[in-house]
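Have a look at the structure before reading on.

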Amino acid sequence: MKAMTYKLRNFFFAMGACLALSSCSTDVQEYQQTEPSFDLFGYFEGDTYAWGMVQDYSDRLTRRFTVEIDGQVNGDTLVLVEDFIFADGDEKQRIWTIERKGNNTYRGKADDIVGYADGEEHGNVVHWVYDFELEVDGEQIEVEFDDWLYRHDEKRVFNITKIKKFGVEVGRVTLFFTK
């Protein structure tokens, strides 16, 4: 009985530590003084190319892909047409409609986004949070995306997205963009 109590205590301690670590985050406003300024609409207007990968909770590579992106700006609206080609031959298209809401904030929508994606830009960083319908083994699972884009220079941006379920990280997307 004592050994079982010890194991249960260790299990709950480990789960609590995982939850505490997964809930830590950086405030996007910490990047206010970083350069170059991101300029979300300016960067994504026109043709952009990207390549990336998806990893599971154990950091195992699960998918690789490339993306061709066409961005059109009309006033305070940016439309991104993203054409994904995965290493296994699968192809998907996502169309984002992003509105500038003022004071460094954005709201976006796409077919596989649940509700809206809310974004905030400070310095060379854009941070998005949103719920996403992720297809896993033919089933749709709603997950949370904690999406960070970092402007490196005039031509390059890199992106790290934590995929979470019930606040626990279950995967990660790493993506590189170039003009």
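This is a predicted model: local features need pLDDT of at least 70, side-chain atom pairs count only at pLDDT 80 or more; totals for chains, interfaces and linings use all residues.

Let's start with the pocket. The largest one holds about 1300 Å³ of space. Its lining runs to 46 residues, and those nearest the centre are Val54, Phe132, Leu134, Phe145 and Val173. Strand E7 (residues 125-136) supplies the largest share of that lining, with 7 residues. By type, the lining splits into 27 nonpolar, 7 polar and 12 charged residues.

Trp51, Phe158, Ile160 and Phe176 together make a nonpolar surface patch of about 350 Å². Trp51 sits in strand E1 (residues 46-56) and is partly exposed, because its relative accessible area is 44%.

On to the charges. The whole structure has 13 salt bridges; here are some of them.

| Pair | N to O distance |
|---|---|
| Arg100 and Asp76 | 3.3 Å |
| Asp153 and Arg156 | 2.5 Å |
| Lys164 and Asp146 | 3.8 Å |

Lys164, in strand E9 (residues 156-165), and Asp146, in strand E8 (residues 139-151), are 18 residues apart, so their pair links distant parts of the chain. Both Lys164 and Asp146 are buried. The Arg100 and Asp76 salt bridge (3.3 Å, N to O) has Arg100 in strand E4 (residues 91-102) and Asp76 in the loop between strands E2 (61-74) and E3 (77-86), so it ties together parts that are 24 residues apart in sequence. Arg100 is partly exposed at 33% relative accessibility, and Asp76 is partly exposed at 46%. Arg156 is partly exposed too, with a relative accessible area of 43%.

Finally, Arg63, Asp88, Asp90 and Lys92 are joined in a network of salt bridges.

Note on methods. Residues are numbered from 1 along each chain as its sequence is written. Side-chain values use heavy atoms; hydrogens and water are left out. On a 1 Å grid over the protein atoms alone, a cavity is a set of points where a 1.4 Å probe fits but cannot get out, and a pocket is an open set with protein on both sides within 12 Å along at least five of seven lines; lining residues have an atom within 4 Å of a point. Grid points are joined across faces, edges and corners, and a volume is the space filled by probe spheres set on the points. Helices (H or I, at least four residues) and strands (E, at least two) are DSSP runs, numbered from the N terminus. Ala, Val, Leu, Ile, Met, Phe, Trp, Tyr, Cys and Pro count as nonpolar, Asp, Glu, Lys and Arg as charged, and the others, Gly among them, as polar. Patches are made of residues with over 30% relative accessible area and no salt bridge: like charges are joined within 9 Å, nonpolar side chains (Val, Leu, Ile, Met, Phe, Trp, Tyr) within 5 Å. Accessible areas come from the Shrake-Rupley method with a 1.4 Å probe; for residues, only the protein chains shown count as cover. A salt bridge is a side-chain nitrogen of Lys or Arg within 4 Å of a carboxyl oxygen of Asp or Glu. Buried means under 20% relative accessible area, exposed over 50%, partly exposed in between (1.4 Å probe, protein chains only).
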